[in-house]
Amino acid sequence: MAGDVVALTLIHGSSKHKIEIAAGREGGEPTLQDMAAVIAQVTGVPQQLQKLICKGKSLKEMEQPLSVLGVKNGCKIMMIGKKNSPEEEAELKKLKELEKSIEQLSRKLEEINVELTGIQNNLPDEFADCRHRRKGLVKNIQTHLARCDVIETHISQELEKLQSKNLALAD
């Protein structure tokens with residue numbers, strides 16, 4: 001069955017979806033992970049919130065090929081799970097924005113590091129001027145690191161909120 005596409009019917013609540021699962025790797029066999037990813041795209045239910053059932057058995061082994069789990073062409077898969085709430089989506093959006101901020105700060109820190117290295121390698125005649133510039137750059141780095149700490153703290157808080165909400169939803 002290597003390289004095949006598996007056609008299934010997904011039942012989620014009162015909705016039925018015809019889906020096709022292809023292997024995520026070239027020449028490989030479709031896995032439960034591949035199926036969960038397609039289901040997430042079709043239904044909007046994140047993989048971690050999906051409970052998949054086939055022939056009365058819960059499907060949990062994400063790396064297993066579908067054929068090993070007994071999932072074949074024409075099978076009906078039932079999914080239990082729901083989309084993230086608008087509040088969770090807003091929290092996820094905030095986290096993504098924070099990640100972007102961290103990436104920007106990281107790039108800025110790299111630029112400053114390159115400038116510091118350039119100064120260190122090419123000391124001009126006026127050493128006092130370089131020391132003054134270096135002090136300014138060090139203060140700049142410290143400011144950016146302090147901002148990184150604040151962002152990291154905020155990310156941790158947001159992740160804790162999301163995890164507690166996901167645990168509450170899972171119950």
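# A briefing on strands, helices and charged side chains

Arg131, Arg134, Lys135 and Lys139 gather in a patch of positive charge on the surface. Such patches are made of residues with over 30% relative accessible area and no salt bridge, with like charges joined within 9 Å and nonpolar side chains (Val, Leu, Ile, Met, Phe, Trp, Tyr) joined within 5 Å. This is a predicted model, in which local features need pLDDT of at least 70 and side-chain atom pairs count only at pLDDT 80 or more, while totals for chains, interfaces and linings use all residues. Residues are numbered from 1 along each chain as its sequence is written, and side-chain values use heavy atoms, with hydrogens and water left out.

- In counting charge, Lys and Arg are taken as positive and Asp and Glu as negative, whereas His and the chain ends are not counted; the place of a charge is NZ of Lys, CZ of Arg, CG of Asp or CD of Glu.
- Arg134, a member of the patch, is found in helix H3, which covers residues 127-170; helices here are DSSP runs (H or I, at least four residues), strands are DSSP runs too (E, at least two), and the numbering starts from the N terminus.
- Arg134 counts as partly exposed because its relative accessibility is 47%, given that buried means under 20% relative accessible area, exposed means over 50%, and partly exposed lies in between (1.4 Å probe, protein chains only).
- The accessible areas themselves come from the Shrake-Rupley method with a 1.4 Å probe, and for residues only the protein chains shown count as cover.
- Val150 also lies in helix H3, and because its relative accessibility is 57%, Val150 counts as exposed.

**Strands and how they pair**

- Strand S1 (residues 6-12) and strand S2 (residues 15-21) run antiparallel and are joined by 7 bridges; two strands are said to pair if DSSP finds at least two bridges between them.
- S1 and S2 form a hairpin with 2 residues between them, and Gly13 in the turn has a positive phi of about 65°.
- Within this pairing, Leu8 stands opposite Ile19 in S2, while Leu8 and Val150 are 47 Å apart in space, C-alpha to C-alpha, and 142 residues apart in sequence.
- S1 also pairs with S5, this time in the parallel sense over 4 bridges, and Thr9 has Lys76 as its bridge partner in S5.

**Residues in loops**

- Lys55 is found in the loop between strand S3 (51-54) and strand S4 (57-59), and its phi is near 55°, a positive value in a residue other than glycine.
- Most residues other than glycine have a negative phi, and most peptide bonds are trans.
- Lys55 counts as exposed because its relative accessible area is 59%.
- Glu26 is found in the loop between S2 and helix H1 (32-43), and Glu26 is exposed, with a relative accessible area of 82%.
- Glu26 and Asn166 are 140 residues apart in sequence and 34 Å apart in space, C-alpha to C-alpha.

**Salt bridges**

- Side chains of opposite charge can pair when their charged atoms come close.
- The structure holds 3 salt bridges, a salt bridge being a side-chain nitrogen of Lys or Arg within 4 Å of a carboxyl oxygen of Asp or Glu.
- Glu91 and Lys94 meet through their side chains in a salt bridge of 3.9 Å, N to O, and both lie in helix H2 (residues 86-121), 3 residues apart, about one turn of the helix.
- Glu91 is buried, with a relative accessible area of 10%, whereas Lys94 is partly exposed at 39%.
- Glu115 and Arg133 form a salt bridge of 3.1 Å, N to O, and this pair links distant parts of the chain, with Glu115 in helix H2 and Arg133 in helix H3, 18 residues apart.
- Glu158 forms a salt bridge with Lys161, the closest N and O atoms being 3.8 Å apart, and because the two are 3 residues apart in helix H3, about one helical turn separates them.
- Glu158 is buried, with a relative accessible area of 2%, whereas Lys161 counts as partly exposed at 41% relative accessibility.
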